[in-house]
Amino acid sequence: MPNKNDKSDLEAAGSWAKKYFLASRALMESVLRPYDLGNTQWYVLYLLANDGPIKQRDLTRLLEIERATLSAVISALVRKGLIDQTSDLDDQRQKVLQITTTGRNLWVRLPDPIELIAAVAFDGVDDEDIATTNRILRDATQRLINYKEGRK
């Protein structure tokens with residue numbers, strides 16, 4: 001596939017994208033550690049605090065994680081008393097998740113790691129450069145997804 005960009009430039013961009021991901025994940029983990037939360041646990045709480053209650057099977061799709069991984073995360077959050085897991089009234093095989101009062105109280109005290117990451121990573125970067133970065137990464141990600149799904 002011909003491309004006007006130098007191969008080494010594209011490899012560097014991929015390398016920097018990976019490094020950014022790892023650095024932002026490490027910062028997120030350090031912010032959440034004092035609250036005894038992991039990254040995925042935070043995302044579950046985020047979704048339940050903002051969009052809940054949510055069916056557990058829908059979270060698998062939203063978070064793009066394996067069912068077994070999500071089950072472990074949900075079990076930990078239930079054990080901590082941060083969410084409730086109940087059977088769906090329409091289909092008893094399905095589980096519905098909802099944030100508890102304890103979970104809501106923790107949620108309002110939690111620092112927002114995504115906000116912190118963006119503030120630190122893009123401090124001093126002008127809005128036009130941020131918009132360009134977002135557009136390039138969004139489009140590149142969508143092309144990869146389309147390619148994987150055979151839609152080139």
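## Aromatic cluster and helix packing

Trp42, Tyr43, Tyr46 and Trp107 form one aromatic cluster. The model described here is predicted. In total, the structure holds five aromatic pairs. Two of the pairs are set out below.

| Pair | Centre to centre | Angle between planes | Class |
|---|---|---|---|
| Tryptophan 42 and tyrosine 46 | 5.4 Å | 25 degrees | stacked |
| Tryptophan 42 and tryptophan 107 | 5.5 Å | 35 degrees | tilted |

The rings of tryptophan 42 and tyrosine 46 count as stacked because their planes stand at 25 degrees, and planes under 30 degrees apart are classed that way. Both residues belong to helix α2 (residues 39-51), where they are four residues apart, about one turn of the helix. Tryptophan 42 has a relative accessibility of 3% and therefore counts as buried, the cut-off being under 20%. Tyrosine 46, with a relative accessible area of 37%, is partly exposed.

The pair of tryptophan 42 and tryptophan 107 is tilted. This pair links distant parts of the chain, since tryptophan 42 lies in helix α2 and tryptophan 107 in helix α5 (residues 101-109), 65 residues apart. Both tryptophans are buried.

Elsewhere, helix α3 (residues 56-63) packs with helix α4 (residues 67-79) at an angle of about 115 degrees, and their axes are 10 Å apart. The crossing of these two helices is right-handed. On the α3 side the contact is made by Gln56, Leu59, Thr60 and Leu63, and on the α4 side by Arg67, Leu70, Ser71 and Ile74. By class, this contact has four nonpolar, three polar and one charged residues.

Terms used. Residues numbered from 1 in each chain as written. Predicted model: local features only at pLDDT ≥ 70, side-chain atom pairs only at ≥ 80, totals over all residues. Heavy atoms only, no water. Axes fitted to C-alpha atoms, helices over the stretch in contact; angles between N-to-C directions. Left-handed = near helix turned anticlockwise from the far one by under 90°. Contact = heavy atoms within 4.5 Å. Nonpolar A, V, L, I, M, F, W, Y, C, P; charged D, E, K, R; others polar. Phe/Tyr/Trp six-rings, centres within 6.5 Å; stacked < 30°, edge-to-face > 60°. Buried < 20%, exposed > 50% of the residue type's maximum accessible area, 1.4 Å probe, protein only.
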